[in-house]
Structure formats: structure tokens, C-alpha cells
Amino acid sequence: MPKTISVIVPVFNEGANLRRLYNELLDLKKGEPAYHWEILFLDNHSTDDSFARIEELTAEDSQVQRHRDSSAHPARNVRDPRRHWSTPARVMDAWAAERPL
């Protein structure tokens with residue numbers, strides 16, 4: 001069984017950016033075919049359409065999971081001994097160079 005890479009994405013009001021991030025993660029996945037990948041979107045009760053867009057991704061891709069969490073740091077609450085490697089990813093970091101402060 002291949003090792004698993006889990007990308008954990010905390011989400012709050014990022015509906016407009018989720019598809020783009022997902023597509024970029026798919027590109028990374030193609031470069032590492034020896035691993036099983038999963039993407040976990042952790043929605044912190046967004047007030048936009050983030051959760052609906054995450055649900056669309058879960059319907060399209062069985063390796064996408066969604067969770068709702070109201071804690072201050074939802075990514076810290078994901079614990080699973082079956083995961084070999086995981087990394088948190090923030091949606092806003094994906095395009096920081098494109099967005100001047």
C-alpha cells in the first residue's frame with residue numbers, strides 16, 4: 001500500500017478560491033504518483049458558499065474530504081495514525097505573490 005500525503009486546508013470564506021487551489025493540488029499530485037493523496041478541507045463555518053463548493057469537490061473526487069469545525073485551530077484537531085505525512089495549506093498563501101498587501 002502506498003504512503004499517504006494528506007493536505008489539510010483550513011477554510012473560512014474562501015469559496016471563490018477553492019477550485020483554483022484544488023486544481024493546483026491536483027498538479028502537485030500528478031508529480032508524485034507513488035503516493036496516495038487526500039485533501040481535507042476544514043471549513044470553520046464560512047458565511048459564503050465555501051462549504052457548498054467543498055461539497056462539489058467531494059462529489060467529484062473521492063480523495064477530497066470535508067469537515068466543519070468551529071475551533072480556533074481546526075487543522076490541529078485532525079489526528080489519524082494511518083496518515084504517513086500531512087501538511088497544512090492556507091488558501092490565501094497559494095497566491096500571496098499575486099496579492100499585494
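Modeller: Start with Ser46, which is found in the loop between β2 and α2 (50-60). Helices (H or I, at least four residues) and strands (E, at least two) are DSSP runs, numbered from the N terminus. This is a predicted model: local features need pLDDT of at least 70, side-chain atom pairs count only at pLDDT 80 or more, and totals for chains, interfaces and linings use all residues. Residues are numbered from 1 along each chain as its sequence is written, and side-chain values use heavy atoms, with hydrogens and water left out.

Setting aside residues up to four places away in sequence, Ser46 touches Val11, Phe12, Asn13 and Arg68. Contact here means heavy atoms within 4.5 Å. Glu14 is 32 residues from Ser46 along the chain, with 8.0 Å between their C-alpha atoms.

Arg68, one of those contacts, also lies over the face of Phe51, at 4.0 Å from the ring centre. The rule asks for CZ of Arg within 6 Å of the ring centre and within 35 degrees of the ring normal.

Now the lining of the largest cavity. Leu26, Lys29, Trp37, Glu38, Ile39, Asp61, Gln63 and Val64 form it. β2 gives the largest share, 3 residues. α1 (18-30) and β2 (36-43) each supply at least two.

Terms used:
1 Å grid on protein atoms, 1.4 Å probe; cavity = no way out; pocket = protein on both sides within 12 Å on 5 of 7 lines; lining within 4 Å.
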